Every structure is written in C-alpha cells, then in structure tokens.
Amino acid sequence: MEENQLFPVFFKLHRLHVLVVGGGNVGLEKVNAMLQNSPEATITVVSLAFLPELKALAKQYANVELVEKPFSCGDLFGKDLVIAATNNRELNQCVWEKAKCSKVLINVADTPELCDFYLGSIVQKGNLKIAISTNGKSPTVAKRLKQVLQEAIPDTLDEVLNKLHLIRDKLKGDFAAKVKKLNSITDVLVDPDTKEL
C-alpha cells in the first residue's frame with residue numbers, strides 16, 4: 001500500500017528569496033498564500049503580464065517585486081525556492097529544468113511529478129500551524145480537512161501555548177526532566193479524565 005513519504009518542513013520565508021514565474025491566477029494564489037503565512041517573505045514574480053490583483057498586492061508589500069519580462073536562467077540567481085505558476089506546460093518544464101540545473105528547489109503548480117515540495121493546506125491558530133498534505137492526490141480533501149480542523153481547534157489554544165512556553169522557561173532540570181513535566185501538564189489535552197494538576 002502506498003504511503004505519503006513526504007517530510008514536512010516549515011520554511012522561514014523571511015530568510016529566503018522566492019521566485020514565482022507567472023503573473024496570472026495561479027501566481028496570484030501562490031504569492032497570496034506565502035504572504036498570508038509569512039508577510040515578510042521576499043518574493044520576485046517574473047511574467048509577461050500581471051493580474052491587477054497581483055499588482056495591488058505588490059504595492060501593498062514592499063518585499064514583493066514584479067518583473068515584467070520573459071523568464072530566463074538569470075532569474076534563478078540568488079533564489080532559494082521557485083514556483084512555476086504559468087498555464088504554459090513547456091515554459092513550466094523549462095523553469096523546472098533550469099531550477100534543477102541550478103540546484104534550486106521547485107514547485108510546478110498542478111504537476112506533482114515536477115515538484116520538490118508541495119504547498120499544503122494550512123490551519124493556523126495563533127502560534128499553532130498545521131500543514132495538511134495528501135501527497136498531491138487530492139487538494140480538495142486537504143481543503144475539507146482544513147475546514148474541519150479550523151472549526152475543531154479552539155481559538156484559545158494560542159493562550160495555552162503561550163502559558164506552556166512560560167512554564168517551559170521556568171522549569172528546572174535537564175531536557176528529559178522538562179519533557180516529562182510538560183508531558184504530565186499537557187495530558188489533559190488528550191485525556192479528558194486526567195485531573196487538573
């Protein structure tokens with residue numbers, strides 16, 4: 001039976017430079033998703049034309065640059081991640097080939113076999129962030145799970161996280177002792193019969 005063997009990673013996009021090739025609906029969707037999760041992400045978008053919504057987004061975020069020109073190899077210089085988001089299969093394939101030659105991680109929208117990484121559905125409650133992956137099989141299922149989790153996880157969970165952070169900072173002992181105490185404190189989150197400490 002096939003299993004999802006992807007390794008989940010959360011990028012600190014404010015430390016990276018992302019290239020998006022494509023200024024249409026898919027490019028807009030990808031840029032918007034990155035900015036929602038990491039407003040300080042440095043993003044360069046290369047395209048022959050840009051949707052008005054993407055132009056408005058670039059005006060709103062100084063860290064988003066729109067470059068109106070055809071894609072070329074030089075666009076990869078200094079970039080850490082690439083997203084090919086055009087409706088042109090040949091161009092997407094070309095971007096993929098150039099990214100692979102340059103050893104830059106790439107995501108080709110709607111083409112799982114040409115992706116080094118996927119952009120999953122995200123559930124966020126303050127500092128808690130959960131990424132959902134279906135291994136590229138069904139973004140629709142990921143979207144539905146996102147809705148379920150968004151409703152099921154209480155907004156107050158961020159307050160719990162902040163309090164646990166304060167407790168962790170005040171605990172004495174070695175790493176193992178701290179983990180044991182934090183596990184004891186958080187048992188109540190998974191076992192409703194656990195008495196309060």
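Tutor: Let's start with a term: a residue is exposed when its relative accessible area is over 50%, buried when under 20%, and partly exposed in between, using a 1.4 Å probe and protein chains only. This is a predicted model, in which local features need pLDDT of at least 70 and side-chain atom pairs count only at pLDDT 80 or more, while totals for chains, interfaces and linings use all residues. Residues are numbered from 1 along each chain as its sequence is written, and side-chain values use heavy atoms, with hydrogens and water left out.

Now to your loops. Most residues other than glycine have a negative phi. Lysine 103 has a positive phi, near 60 degrees, and is not a glycine. You will find lysine 103 in the loop between α3 (89–101) and β5 (105–108), where helices (H or I, at least four residues) and strands (E, at least two) are DSSP runs numbered from the N terminus. Lysine 103 is exposed, with a relative accessible area of 78%. Aspartate 110 is not a glycine either, yet its phi is positive, about 60 degrees. With a relative accessible area of 74%, aspartate 110 is exposed.

On to the helices. Helix α1 (residues 25–37) and helix α2 (residues 52–60) have axes that come within 10 Å and cross at roughly 30 degrees; axes are lines fitted to C-alpha atoms over the stretch in contact, with angles from 0 to 180 degrees between N-to-C directions. So α1 and α2 are roughly parallel (under 35 degrees; over 145 is roughly antiparallel, 65 to 115 roughly perpendicular, the rest oblique). Leu28, Val31, Asn32 and Leu35 of α1 meet Glu53, Leu54 and Leu57 of α2, contact being heavy atoms within 4.5 Å. These contact residues divide into 5 nonpolar, 1 polar and 1 charged (Ala, Val, Leu, Ile, Met, Phe, Trp, Tyr, Cys and Pro are nonpolar, Asp, Glu, Lys and Arg charged, and the others, Gly among them, polar).

The other pair is helix α5 (residues 157–170) with helix α6 (residues 175–190), whose axes are 10 Å apart at an angle of about 155 degrees. That makes α5 roughly antiparallel to α6. Here Leu164, Ile167 and Arg168 of α5 touch Leu182, Ile185 and Thr186 of α6. By class, this contact of α5 with α6 has 4 nonpolar, 1 polar and 1 charged residues.
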